[in-house]
Amino acid sequence: MATLERIRQKGLLLSIVIGVAMLLFIVGMVDFNSIFGASRQNVAEVDGKEINIAEFEKRIDEMTAFYKFEMGQNSLPDQYVEQIRQSVWTSFLKERILGEQCEKLGIVVTDQEVADNLTGNNPHPMMSQLRMFYNSEKGGFDKAVLYQMLDAVNDDPDSDIAKYWSFVQRSVREQLLEEKYNALIGASFNMNNIDAKYSFDASRKADISFTNTPFSTIADSTVTVSTKDQKAYYKEHKNSYLRDKETRTIDYIAFNIVPSQNDYDDVKAWIEDLKNEFFTSSDFIAVCNQNSDESYSDVATSKAATDADLADFAFSGKKDDTFGPQLFGNTYKMARIVETGIMASDSAKVRHILVMESSAEKTEQVADSVLKVLASGAEFDAVAKSVSKAGTAAAGGELGWLKDGDYDKEFSSACINATVGKPFKLPMGSAIQIIEVTEKTKPVAKVKLCVLKREVNASSQTFAAVFNEAGQYMAQNNTLDKFEANADASKGQFLRSYTVSIADSRIADLKDSRQIVRWAFDNKSGDVADKVFECGDKFVVAALKSVAEEGYPELSEISDQITSEVKKEKKAEIIMADLNNKLQSGDLASTGTINGAEGVSQNSQYVNGIGVEPALFATVAAMTPESKPAVVKGSNSVYAVKVNSVSPEGTFDADSEIKNLENRRPYRFMVYKSLEEGANIKDNRITFY
């Protein structure tokens, strides 16, 4: 009734607002997309400042272009897509959060400063690290290459190279601004003797002896937990239960898309049909290349490098002997020996000089000249550094060890068969390689083997059958109770739960499962998805088990967890009292079986035989070999510990330690993390991705 009354009271105002909006819409002054849809165009909001999806996508395009050029690829692997989105997100947050601080402090980076760092006499360190501007002849950053790129940007401002350049400019500007901010913050930090002592203690490493008594040595039935105990524990530890973001727990069942027996039978029949042609044809390599999952490589292999399923056949037969077809795992294979009796090295250590001039004649002349210079006794690495156009020039042309088939097939084959210590010439396209093999492994027996293989994959019929199975489970179990109760492990229906936040890109190891995360944040607790999700090689059905809102949970939500922790506390008190009593004699052995650990420090993340026990590590950091054994409550055990030795054994020097702290500048990370935690960040990415 109260709600109805409020609606009646606001009804007139609401009618006026709607009426005005409709009137403006009719006369063309208002776009309802701008009234009601503006928020749907914002991927995020930081302290009230919006980040528009169009700008976000623009940054993604720029970073994508940057990685394509730096990696020398026309397209990026799928896993890079989410990484780039996350990097752009992190960059935007830092830009907005630090930008606001710099604006308040009057810290600016001028256009002239950016220009000086990009094209000046002392370019920013980032510029010398970029592949785009690297000149192998100079062995580093080349401003001439940069100017060539700028001409290309001016010719086509919408090209990928223009996006690349936009990313570089923004990155340099952001780094300069951050450097100025950090310099100012650093100057305002004064490390004191307490900081220095803490740092000194944290760096000390101790060898210890310890005993541990697990909480489980006391039965749960002997420990009672009252409501009063729960409330007291929750009050004391409330901040540790604060949720900084909303999470949702998803129940899901994955149905594996695997080949059926019919799929295996079909591939078997297919390869049997090819058997006679492959075994008898004089052009059997063409038959292989036209039908096999992998083409014939024409590379001789040692027994160790030959397909393990076929190695015994290959090294016990003769030319034109045949094998199979036979199923190995989920792949049918048949083979025919191409050549035997080969003795050759398995690997060669190689260095090279790449010669490529303005014309074929000039290239030939320079290559011949290089061979003459080397023959006269010149050092190969010195000639490579001065002549080679390859990226290996700075390293004296060293390529290291390669096997037959590595790099270009013609190149590696020539190296494997070359004479050690004798440079030779190998034309490759418009360039000529001057190659020297400096070492080779001992020659071993090799064969050339042609293998025709076909992996058995799920057919469209199998695909549909698995989809129908998943769909039936979803339809028959359309409530959370049914969904959880009716999973049948004997049929491969394994019920799993996974907790996600709005920013998570996947669920467990499920490919393309961001779609399920999006569904979860668009539905309410107890809902079962009304669609089957395709996640790589699995079909997935899902239900929303629970929603954990941001902020402090009610005690009732976590009562089981609190009860468990209170029991641990009570068990620890009993064990600690017992151990302290036993240690009155000073004998560590009285507390249990003694174990040892080395190199324990306050900075330890994990110690063999102990695990992750920060309370124990911190206690050890404050102890010396003269200290009495201490009793420490861990996460699942109580420890009695004694320090045997400490290194380094030097005395504490406050001034020296303060200088070390100032050089490490830990404030940079602490300050930004604090600013990020204090910023009002609204993450709307799930609307778009």
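Which residues form one aromatic cluster together with Phe133 and Tyr164? The cluster consists of Phe66, Tyr67, Phe69, Phe133, Tyr164, Trp165 and Phe167. This is a predicted model, in which local features need pLDDT of at least 70 and side-chain atom pairs count only at pLDDT 80 or more, while totals for chains, interfaces and linings use all residues. Residues are numbered from 1 along each chain as its sequence is written, and side-chain values use heavy atoms, with hydrogens and water left out.

**Overall form**

- The protein contains 23 helices and 20 strands, where helices (H or I, at least four residues) and strands (E, at least two) are DSSP runs numbered from the N terminus.
- Its radius of gyration, taken over C-alpha atoms, is 35 Å, whereas a compact globule of 689 residues would have a value near 26 Å by the rule of 2.2 Å times the number of residues to the power 0.38.
- Along the principal axes, the C-alpha atoms fill a box of roughly 90 × 70 × 70 Å.

**Burial, contacts and surface**

- Of the 689 residues, 37% are buried, a term that means under 20% relative accessible area, with exposed meaning over 50% and partly exposed lying in between (1.4 Å probe, protein chains only).
- Among contacts (heavy atoms within 4.5 Å) with a separation of 6 or more, 71% are between residues 24 or more positions apart.
- The protein exposes about 38700 Å², of which carbon and sulfur atoms supply 49%, with areas coming from the Shrake-Rupley method with a 1.4 Å probe.
- The mean positions of the 78 positive charges (Lys and Arg) and the 101 negative charges (Asp and Glu) are 2 Å apart, with His and the chain ends not counted and each charge placed at NZ of Lys, CZ of Arg, CG of Asp or CD of Glu.

**Aromatic pairs**

- The structure holds 18 aromatic pairs, meaning rings of Phe, Tyr and Trp (its six-membered ring) with centres within 6.5 Å, where planes under 30 degrees apart count as stacked, over 60 as edge-to-face and the rest as tilted.
- In one of these pairs, the rings of phenylalanine 133 and tyrosine 164 have centres 6.2 Å apart and planes at 75 degrees, so the pair is edge-to-face.
- Because phenylalanine 133 lies in the loop between helix 6 (125-128) and strand 3 (134-135) and tyrosine 164 lies in helix 8 (residues 160-188), the pair ties together parts that are 31 residues apart in sequence.
- Phenylalanine 133 is buried at 0% relative accessibility, and tyrosine 164 is buried at 0% relative accessibility.

**Threonine 462**

- Threonine 462 is placed in helix 17 (residues 460-476) and is buried, with a relative accessible area of 8%.
- Leaving out residues up to four places away in sequence, threonine 462 touches Val258, Pro259, Ser260 and Asp263.
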